[in-house]
Amino acid sequence: TNLDRGAIEARLSEVRTAAQKKGLNDLAGMFAGVEGMPRAQMEQRVHNAQKWLTGKMEHGDIAALLDLVDMNLHNLK
């Protein structure tokens, strides 16, 4: 998949929504206001969230979205 900025931001919005539904407010908060965020800041939040989810298999759906975003962060301009 080759996601552009809009698609990346949409996936991070999905992460935020999924985290909110699961009561993971700290995780959801990491992705508040990501629209238009500089690449470096977005990368840091994605990587922090991935670390936070390590070993939490019950949140594999969210981890998969973050992995997809991570693979496409180089497309941000």
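This is a predicted model: local features need pLDDT of at least 70, side-chain atom pairs count only at pLDDT 80 or more; totals for chains, interfaces and linings use all residues.
Residues are numbered from 1 along each chain as its sequence is written, and side-chain values use heavy atoms, with hydrogens and water left out. Local features need pLDDT of at least 70, side-chain atom pairs count only at pLDDT 80 or more, and totals for chains, interfaces and linings use all residues.

Me: Are α1 and α4 roughly parallel or roughly antiparallel?
Reply: Helix α1 covers residues 5-21 and helix α4 residues 60-72; helices are DSSP runs of H or I with at least four residues, numbered from the N terminus. Their axes, lines fitted to C-alpha atoms over the stretch in contact, lie 10 Å apart at an angle of about 160°. Angles run from 0 to 180 degrees between N-to-C directions, and those over 145 count as roughly antiparallel. Therefore α1 and α4 are roughly antiparallel.

Me: Is Arg16 buried or exposed?
Reply: Arg16 belongs to helix α1, and its relative accessible area is 15%. Buried means under 20% relative accessible area, with a 1.4 Å probe and protein chains only, so Arg16 is buried.

Me: Which residue has its backbone oxygen 2.4 Å from a polar atom of the Arg16 side chain?
Reply: Beyond its neighbours within four places in sequence, Arg16 is in contact with Ala28, Phe31, Ala32, Gly33, Val34 and Glu35. The backbone oxygen at 2.4 Å belongs to Phe31.

Key. Helices (H or I, at least four residues) and strands (E, at least two) are DSSP runs, numbered from the N terminus. Angles under 35 degrees count as roughly parallel, over 145 as roughly antiparallel, 65 to 115 as roughly perpendicular and the rest as oblique. Buried means under 20% relative accessible area, exposed over 50%, partly exposed in between (1.4 Å probe, protein chains only). Contact means heavy atoms within 4.5 Å. A polar contact is a pair of N or O atoms within 3.5 Å; within protein, one must be able to donate a hydrogen and the other to accept it, and residues adjacent in sequence count only if both atoms are side-chain atoms.
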